[in-house]
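Me: I am new to this structure and would like a close look at a single part of it. Please take me through that part slowly, in one connected answer.
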Amino acid sequence: MIKATIHHYKGHVSGITITGHADAGEYGQDIVCSAVSVLSITTVNGLQEVVGLDVNVDSDEKNGGYLSVEIPVIANSTKQIQSDAILKTFENGMTDIATSYSKYIKLNVEN
């Protein structure tokens with residue numbers, strides 16, 4: 001099972017932690033794993049390349065099944081708005097996946 005936690009601080013997403021494997025299908029055929037992976041990687045890329053944030057990313061690239069992202073405090077209001085849009089889209093996507101595939105993913109949103 002994938003366990004994902006979205007951390008909030010003062011109304012903004014401050015971090016994301018994802019662990020585990022969905023085991024919803026054979027390797028290469030697991031649509032839950034694929035959905036979470038694509039959404040997570042796209043979110044990190046958007047924060048880094050579109051917004052220009054220096055996010056702290058820790059992952060187990062060899063074995064998979066672990067991603068931790070820490071979002072820094074953002075002083076620039078334009079970057080904060082952009083970051084919030086990307087992270088809210090991530091949260092909405094994860095909520096949809098967790099609702100549709102609750103057998104394979106547990107989502108926790110901490111305020």
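Me: How many residues does the largest nonpolar core have, and which of those residues have the most contacts inside it?

Reply: This is a predicted model, and its largest nonpolar core has 26 residues, with Ile-18 and Ile-71 being those that have the most contacts inside it. The elements that give two or more residues to this core are strand 1 (2-9), strand 2 (12-19), helix 1 (31-51), strand 4 (66-70) and helix 2 (77-100). In soluble globular proteins, nonpolar side chains tend to be buried together. If residues up to four places away in sequence are not counted, Ile-71 touches Val-13, Ser-14, Gly-15, Leu-47, Leu-53, Val-55, Ser-83 and Leu-87.

The strands named above belong to an open sheet of five strands in the order 3-4-2-1-5, where the pairing is mixed. Its edge strands are strand 3 (56-59) and strand 5 (105-110), each of which pairs on one side only, and the twist from one strand to the next averages 15 degrees. Helix 1 lies across strand 1, strand 2, strand 3, strand 4 and strand 5, and it runs at about 30 degrees to strand 1.

Within this sheet, strand 2 and strand 4 pair in the antiparallel sense over five bridges, and Thr-17 has Ser-68 of strand 4 as its bridge partner. Ser-68 counts as buried because its relative accessibility is 14%, which is under the 20% cut-off. Apart from neighbours within four places in sequence, Ser-68 is in contact with Ile-16, Thr-17, Asn-56, Val-57 and Asp-58.

Note on methods
Residues numbered from 1 in each chain as written. Predicted model: local features only at pLDDT ≥ 70, side-chain atom pairs only at ≥ 80, totals over all residues. Heavy atoms only, no water. Core = buried A, V, L, I, M, F, W, Y, C linked by side-chain atoms within 4.5 Å. Buried < 20%, exposed > 50% of the residue type's maximum accessible area, 1.4 Å probe, protein only. Helix = DSSP H or I, 4+ residues; strand = E, 2+ residues; numbered from the N terminus. Contact = heavy atoms within 4.5 Å. Pairing = 2+ DSSP bridges. Axes fitted to C-alpha atoms, helices over the stretch in contact; angles between N-to-C directions.
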